[in-house]
Amino acid sequence: MNESFWIWPLALFALTFVLGIVAVVAGIGGGVLFVPIVASFFPFHLDFVRGAGLLLALSGTLAAGPLLLRAGLANLRLVMPLALAGSVCSLAGAVTGLALPTDLLQTALGATIIAVAVLLWMSSGGENFSEESDALGERLRLQGRFVDHAAGGVRIDWRTRRTALGIASFAGIGFLGGMFGLGAGFANVPALNLLMGAPLKVAVGTSGLIISIINSSAAWVYINRGALLPVIAVPAILGVMLGSRIGARLLPVLPAPVVRRTVIVVLALAGARALLRGLGIWP
Amino acid sequence: MTHPQPDQSDPQEVYARWLDVWTHIAFAFAAVALALYLTGALAPFVAPQAVVELWRLPVDQYLARAGAPSGWGWLSLVGRGDYLNLAAICLFALISLVCCARVIPAFLRRGERLHAALAVLQVVVLLAAALNLFPGAR
């Protein structure tokens, strides 16, 4: 057996284990970190890295899903309309993205992520959740209750606001995610928290479950095109799944400000990397 | 940390339970498949030496040089180490579809027809993606 054949899968497993922990705590799929890191430091072609990145985001969020649902940190009724809008539009976005130049896509992605990080940083640091429902949110029963153990067992009853705009946003986010080849968790969390009024931890947890559904549809595009190389994708899947379960256990006990800062730092780093790459400064 | 006893018929709990079971099955399947592949216990379709040489190429060139299939053509090669791993990957991609399908009756039993309809539509979208039916995605 070729020596390189062993080394790279093991290195991928170690890297993705760490990424799995960070991804759940930050409410992202992990692909946004995996793709630039592996494309820069591993010998695989970007086609296979993107395919593995998509599966990595998918499997990490699948692994964390049961814990997040049972803890009330992910809400299935909130997931259903948003994931449906997102998954349909992500397929349309993937088709559009294939027709655009890669440099243009990378630059737009970097600028978008940095803008989201700045927006989140400038918004109020406290919990931002809605206790009043709008008509559509009421009809869809988009409401829930969770106990914030990190805040001394405070019980939070929340409802969504601006629900129609929220669903439209997820259609747009799904389109952008499909176009950029990512799970788009970087946009899910602010849309759920700032726009729709879901508490930050519920936004982070629900974002993960939404990614698991949206990425399932996009993953089939890669599978059907033969762009998933098992020796790259499977070690990445196993590593991120183990890491994600640890991340999901950490999420309920981490204070909201820590989660918030983690999200902002992760977004800024990933955004800067994508922007530099798109501009050809750090290819 | 303890949580209150969940309502076993609540679609959220049903989804969590099925997600938990299927994710464990897919994880175990993938771990065994990877071990069989990397140890050489199950012969691959594309030799390891060739994979190392070709994984730097774009997907179209890789498929052409390796003689590997695209679409669902790999099904006939599932007895090979590499394609057994692709089967594991497909299993992960199917989990959301299975869970969404499973919560349809759970929503209907509670009279939540709107959410049941959303779950049906989600299943249709995922099924169409899996079967490569979206125009332009091929």
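Trainee: Which residue of chain B does A:Arg77 meet in a salt bridge?

Mentor: The model is predicted: local features need pLDDT of at least 70, side-chain atom pairs count only at pLDDT 80 or more, and totals for chains, interfaces and linings use all residues. Residues are numbered from 1 along each chain as its sequence is written, chains are lettered from A and ligands numbered from 1 in the order in which they are written, and side-chain values use heavy atoms, leaving out hydrogens and water. A salt bridge requires a side-chain nitrogen of Lys or Arg within 4 Å of a carboxyl oxygen of Asp or Glu. At 3.4 Å from N to O, the partner of A:Arg77 is B:Asp10.

Trainee: How many salt bridges cross the interface of chain B and chain A?

Mentor: Over all chains, the search finds eight salt bridges. Another that joins the two chains links A:Arg70 to B:Glu13, with the closest N and O atoms 3.4 Å apart. Across the interface of chain B and chain A, the number is five.

Trainee: Which helix gives the largest share of the side of chain B that touches chain A?

Mentor: Helices H1 (11–38), H2 (48–54), H3 (59–66), H4 (81–109) and H5 (113–130) of chain B each give two or more residues to that side. The largest share, 16 residues, comes from H1(B).

Trainee: What area is buried between chain B and chain A?

Mentor: In contact (heavy atoms within 4.5 Å) are 66 residues of chain B and 64 residues of chain A. Buried area is the accessible area (1.4 Å probe) that two parts lose on being put together, summed over both. Carbon and sulfur atoms give 73% of a total of about 5,900 Å².

Trainee: Which residues of chain B lose the most area to chain A?

Mentor: Three residues together account for 13% of what the chain B side buries. They are B:Gln12, B:Leu38 and B:Trp55.

Key
Helix = DSSP H or I, 4+ residues; strand = E, 2+ residues; numbered from the N terminus.
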